[in-house]
Each structure stands twice: as C-alpha cells, then as structure tokens.
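Biologist: I would like to learn how to read a few features of a model. Please take them one at a time, with the general idea before the case.

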Amino acid sequence: MFSPYYAWARRRQGEAVRPVAHCALNIALYHRPPGRAGYQRLWAMTERGEPQLRRSAEQLQIGPSRLAWQDDGTLQIEVDEWTAPWPRRLRGQIRLQPQLLPGRAFALDAAGRHLWQPISPVARVELDFEAPRGLRWQGDAYLDANLGSRPLEQDFHSWQWSRAALGGHAGCRVLYEVQPLSGERRALALDIDAQGRIAQRPLPPDCPLPGTAWGLARSTRAAQAPELLATLESGPFYSRSLLRDPLDGGLAVHESLSLQRFRQPWVQALLPFRMPRRATGVGS
C-alpha cells in the first residue's frame, strides 16, 4: 500500500491496475550494540511483479521469500532478500507461534472500507539467520493485518498506533487512532488479555510526542507522557518509535503515518531508494 510504483500505475491506468503486480516482503531488523545509544538497522523491501507471486490458503511466496502456516500452527517465514539502499544479504528463518487468536476485525472508517485485525496480539518468535551470520534470538511477538478496498490516502489524513505488552504475559494494550479526510477522529483503546478477550477501555488523554527530524507529527494517548527511547524509523511520511511508560516501565512500539505526506510527488520520488522493484524473474 506504500508502493510508489503502484501509485504511479494508478495515475496512468486507474482501476485497471492489479495490486498483485505490486507486492513485497518488508523486513526491518534493529540492533543496539553494547555501549552505544543508537540502533543499527537492516531494511529490505523489494517490490516484485505478479509472475513472482505464488499464494494459497496455507502459504504466500513473493520472489525467493516465503510465508507458510505449519501443521502445528506456527507461521514460518523463509527470508531471502537484499537490503536497501546499501546491498547486504538477508537470509534466514523466522518462526512465529501465535498464543492468542481473537478472530475479530475492526472498521477504521465509517464506511467500513478499511479493516484492522489483531490476528495474534500476543505471540512468540524465533529468528535464526545465516546472513548476517550468527543473527539468532527469540522473544515476544505480535501479528496483525490491515486490509481495505481503496488506497489509504483516499480516505485518511494520518494515523497513530501503538502496542505495549502487559507484564507477566498478561496480554497487550493497543491504541489505534485515525484522522479521516472528513469527519472526526476515530480511536480504539483495547486491552487484550491472555485468553484473547478484547475489552475496549476509556480513551486516555491526547499526549503529543516530539516531532521527527522530517517534521512528522507524533502523538499517543496516555495518562502521563511516555519517554521516547528511540526513533527506529524516520522518513518523510512514516516513523516507528520505542516508548517507555513512566508509570510501570513498560515498553511500547509506536507508529505515526501521514498519508497526505505520502501522496506528495517529492515523497514518491524518494521511495525507490528504499524500495527497489524487480518485476520479472523468480530469483532474488
């Protein structure tokens, strides 16, 4: 949905463009070396054409990478990609084991064109890569999905999202706030417990966060302003941040998205540096 090639094709061909001709597996890995304050990042997002797409109810293959559900309920991701803009090999396996499966989706807009589903808001993950060599760890995970019948920028101005794990494997807390192009803001404040039960809680007060180096506005909802520990991704229309709650010390992953920034021609011109395209062939 953030493909500049798809946006350009829509401007030329309109509704005749096939979304399956613009697909990618996005991998972003972050590492903070001992003794250093900042995070190092590995990023891969190569767009591929329809001939490189294979899919069924159990698996999705995009170029040389593949996602497949296993008989034990594990989602296995075989990664074979190159980073951008500086090429470096990313090859290995990610195994995600869902713990909760609420099976419920939420409409993000009044017309119901855009849905968000927390597929497994509490999960476990194991990562084992041969390139970079020795990249291996395990920990908590989260799995969700967005789907819609129209491009996001046609209906939304921006959104703010965050997910925090609750202590003692008690579940997680999700905040999702969208600003439509018309009408009032819509917000979800959800607690999801260890049994997968979803409870909507009162919406906390609006809490501004420092803007990014690109001047992108960030905000969240909290009784007390969280600490901004790190900005993991910073771009002209999107940021991913790490927050810490001053009350209980819990960590949250936070995302800010400006879709009106995304649709600007100067932003579209920058994106291919981070998102190359290989429309044909089956190799990497």
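Biologist: How many residues line the second largest pocket, and which of them lie nearest its centre?

Modeller: Note at the outset that this is a predicted model. As for the general idea, rolling a probe the size of a water molecule over the atoms shows where empty space is left. In this case 26 residues line the second largest pocket, and A164, R173, R201, R221 and D245 lie nearest its centre. The volume of this pocket is about 480 Å³.

Biologist: Which elements give two or more residues to the lining of that pocket?

Modeller: They are β12, β13, β17, β19 (238-244) and β20 (251-258). The largest share comes from β12, with 5 residues. By residue class, the lining of the second largest pocket holds 14 nonpolar, 5 polar and 7 charged residues.

Biologist: Next, the aromatic rings. How many aromatic pairs does the structure hold?

Modeller: A pair of aromatic rings is described by the distance of the centres and the angle of the planes. This structure holds 9 aromatic pairs. One of them is W159 with Y176: the planes stand at 80° with the centres 5.4 Å apart, so this pair is edge-to-face. W159 belongs to strand β12 and Y176 to strand β13, and the pair links distant parts of the chain, 17 residues apart.

Biologist: Are W159 and Y176 buried or exposed?

Modeller: Both W159 and Y176 are buried. They also belong to one aromatic cluster, formed by F106, W116, W159 and Y176.

A second pair to look at is W214 with W266, which is stacked, with 6.3 Å between the centres and 25° between the planes. Because W214 lies in the loop between β16 (206-209) and β17 while W266 lies in helix α3 (residues 265-270), the pair ties together parts that are 52 residues apart in sequence. W214 has a relative accessible area of 40% and is therefore partly exposed. W266, at 42%, also counts as partly exposed.

Biologist: Rings can also be faced by a charge. What sits over the ring of W43?

Modeller: The charged end of R274 does, 4.2 Å from the ring centre of W43. R10 lies over the face of Y6 in another case, at 4.8 Å from the centre of the ring.

Biologist: Last, how do I read the surroundings of a single residue? Which residues does E78 touch, leaving out those up to four places away in sequence?

Modeller: E78 touches S65, R66, G92 and Q93. E78 is in strand β7 (residues 75-82), and its relative accessible area of 25% makes it partly exposed. Although E78 and S65 are 13 residues apart along the chain, their C-alpha atoms are separated by 5.5 Å.

Biologist: And what is R104 in contact with, setting aside its neighbours within four places in sequence?

Modeller: The contacts of R104 are Q117, P118, I198 and Q200. R104 lies in the loop between β8 and β9 (106-107), and its relative accessibility is 38%, so it counts as partly exposed. From R104 to W116 the C-alpha distance is 8.9 Å, across 12 residues in sequence. W116 is one of the residues of the aromatic cluster described above.

Conventions:
Residues numbered from 1 in each chain as written. Predicted model: local features only at pLDDT ≥ 70, side-chain atom pairs only at ≥ 80, totals over all residues. Heavy atoms only, no water. Phe/Tyr/Trp six-rings, centres within 6.5 Å; stacked < 30°, edge-to-face > 60°. Helix = DSSP H or I, 4+ residues; strand = E, 2+ residues; numbered from the N terminus. Buried < 20%, exposed > 50% of the residue type's maximum accessible area, 1.4 Å probe, protein only. Lys NZ or Arg CZ within 6 Å of the ring centre and 35° of its normal. Contact = heavy atoms within 4.5 Å. 1 Å grid on protein atoms, 1.4 Å probe; cavity = no way out; pocket = protein on both sides within 12 Å on 5 of 7 lines; lining within 4 Å. Points joined across faces, edges and corners; volume = space filled by probe spheres on them. Nonpolar A, V, L, I, M, F, W, Y, C, P; charged D, E, K, R; others polar.
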